[in-house]
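Subject: Structure handover

Hello,

Here is the structure I promised to pass on. Please open it and keep it in view while you read the notes below.

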Amino acid sequence: MSVDISVVVVDDEPLIRSGLRAIIDAEPDLTVVGEAGDGAEVLPLVRRTGADVVLMDVRMPALDGIQATRLLLDALDPAPRVLVVTTFENDDYVYDALRAGASGFLLKRTPPDDIIAAIRTVAGSESLLFPEAIRTLALAHVDQQERKPAGLGQYDLTDREQEVLRLMAKGLSNAEIAGELVLGLQTIKTHVANLLAKLGARDRTQAVILAYESGFVPLQ
């Protein structure tokens, strides 16, 4: 790998932190630049280290991962990517953290190779991490009665931007979307940047969640 990715690990269990550090530091392109035992410690730590990715536990005693994620993303520009680490896949905290701005989530029992791949994916920001899992979470948490067909009309997305968003929700990368639509990669990157700006979404995950919650992309 040619680009180094700096990581902060946040978890109230020292054993979890040390295990994640060992996995991450074994990779030539990844480096743990700091650890925190509670969400209250995250903002000053990231300010000091300039971390690219934060592995964020959701359940912590003083400040939980949802509040810490929101605080981090509101305070910093550019902000790091946040990857939620949780014990239970259907935890309400996970969906709330994604809505607060986290770019994806991992289970604590995830195999080491998959943890590394997830960090690289969210750092690169050109793919959606575990799109089917995000759809499942949305299905469990979105109020079906409030969804409206094609409910993104107020954002004035072009037809092409709408096509790109639908393909993003399926988990396609920029390169895969370019192939699907027979367009250049740079053109797709421009469309993605434009639709994120129009939606006020920080990254693909927030755009896709908005697409689900609005009814623009069907959950079933």
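How much space lies in the largest pocket? About 150 Å³. Bear in mind that this is a predicted model.

**The pocket**

The lining of the largest pocket consists of Leu98, Arg99, Leu199, Gly200, Ala201, Arg202, Gln206, Ile209, Leu210 and Glu213. Two elements, helix 4 and helix 10, each give two or more residues to this lining. Helix 10 has the largest share, with four residues. By class, five lining residues are nonpolar, two are polar and three are charged.

**The cavity**

The structure has one cavity of 30 Å³ or more. About 80 Å³ of space lies in the largest cavity. Its lining is made by Arg81, Ser103, Thr121, Val122, Ser125, Ser127, Leu128, Leu129, Asp203, Arg204 and Thr205. Helix 5 (112-124) and helix 10 (204-214) are the elements that give two or more residues here. The lining of the largest cavity splits into three nonpolar, five polar and three charged residues.

**Helix 10**

Is helix 10 mostly covered or mostly uncovered? Mostly covered: nine of its 11 residues are buried. The buried ones are Arg204, Thr205, Gln206, Ala207, Val208, Ile209, Ala211, Tyr212 and Ser214.

**Asp57**

One annotated position remains. An unreviewed UniProt entry places the feature "modified residue: 4-aspartylphosphate" at Asp57. Asp57 is in strand 3 (residues 53-57). Is Asp57 buried or exposed? Asp57 counts as buried because its relative accessible area is 3%, and the cut-off for buried is under 20%. Which residues does Asp57 touch, leaving out those up to four places away in sequence? Asp57 touches Val10, Asp11, Asp12, Gly65, Val85 and Lys108.

Best wishes

Note on methods: Residues numbered from 1 in each chain as written. Predicted model: local features only at pLDDT ≥ 70, side-chain atom pairs only at ≥ 80, totals over all residues. Heavy atoms only, no water. UniProt positions renumbered as here; feature names shortened; annotations may be inferred. Buried < 20%, exposed > 50% of the residue type's maximum accessible area, 1.4 Å probe, protein only. Contact = heavy atoms within 4.5 Å. 1 Å grid on protein atoms, 1.4 Å probe; cavity = no way out; pocket = protein on both sides within 12 Å on 5 of 7 lines; lining within 4 Å. Points joined across faces, edges and corners; volume = space filled by probe spheres on them. Nonpolar A, V, L, I, M, F, W, Y, C, P; charged D, E, K, R; others polar.
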